[in-house]
Amino acid sequence: MQDMSKNMQVITGAISREDWALVEKTAPLIADHPQPPMFEKMRIFAFVNTDIGQFKSHDGKTHEAARILGVTAATGDGHAIIADFATLQDTCLMCHEQFRKPFQAYFYGEE
Ligand code: HEC
């Protein structure tokens, strides 16, 4: 997740400088981000097992939105790139709204 955040910041900066090549290079890193270690994954899945389908669906939407952003970045159409970036951010938010709070409350005792 930390890498996701870093790559999103790289893209925000690249958009400000109209550096579409950097957006194109960075978006696939979000789309193809490495799977968490198996142990961590099992803990997550054990926790979200009732909503596993939804969790996977959110994950798939983020990957797809990042992939599309990479494709659009190659066209150099700034407005379309920004729209696709917003769509990508929306997919992060949708999963976080549903899973981040209960996940943290469960594993770290936070509200
Ligand atoms: C499939 C669900 C899902 C998607 C999609 C998702 N996240 Fe997360 N994210 C989580 C969960 C669950 C947590 C809480 C994990 C924790 O606190 O250990 C989290 C936590 C975070 C955090 C808090 C810091 C951290 O390392 O825990 C950041 C930053 C973050 N996500 C960034 C992103 C970004 C950026 C995207 C979109 C590109 C994204 N996430 C997409 C599920 C998701």
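Is N7 buried or exposed? Select N7 and find out. Keep in mind that this is a predicted model.

**Stop 1: N7**

N7 sits in helix α1, which covers residues 2–16. The residue is buried: its relative accessible area is 10%, and buried means under 20%. Now show what surrounds N7. Set aside the neighbours within four places in sequence, and N7 is in contact with T26, L29 and I30.

**Stop 2: H58**

Move to helix α4, residues 52–73, and select H58 there. H58 has a relative accessible area of 9%, so this residue is buried. Which residues does H58 touch, not counting those up to four places away in sequence? Select M94, C95, Q98 and F99 to see them. Keep F99 on screen for the next stop.

**Stop 3: F55 and F99**

How many aromatic pairs does a search of the whole structure find? The search finds one. Select F55 and F99 and look at their rings: the centres are 4.9 Å apart and the planes are at 80 degrees, so the pair is edge-to-face. Planes over 60 degrees apart count as edge-to-face. A pair of aromatic rings is described by two things, the distance of the centres and the angle of the planes.

Next, colour the helices. F55 lies in helix α4, while F99 lies in helix α5, residues 78–108. The pair therefore ties together parts that are 44 residues apart in sequence. Are F55 and F99 buried or exposed? Both are buried.

**Last look**

Show H58 and F55 together: helix α4 holds H58, and F55 lies in helix α4 too.

Definitions and conventions: Residues numbered from 1 in each chain as written. Predicted model: local features only at pLDDT ≥ 70, side-chain atom pairs only at ≥ 80, totals over all residues. Heavy atoms only, no water. Helix = DSSP H or I, 4+ residues; strand = E, 2+ residues; numbered from the N terminus. Buried < 20%, exposed > 50% of the residue type's maximum accessible area, 1.4 Å probe, protein only. Contact = heavy atoms within 4.5 Å. Phe/Tyr/Trp six-rings, centres within 6.5 Å; stacked < 30°, edge-to-face > 60°.
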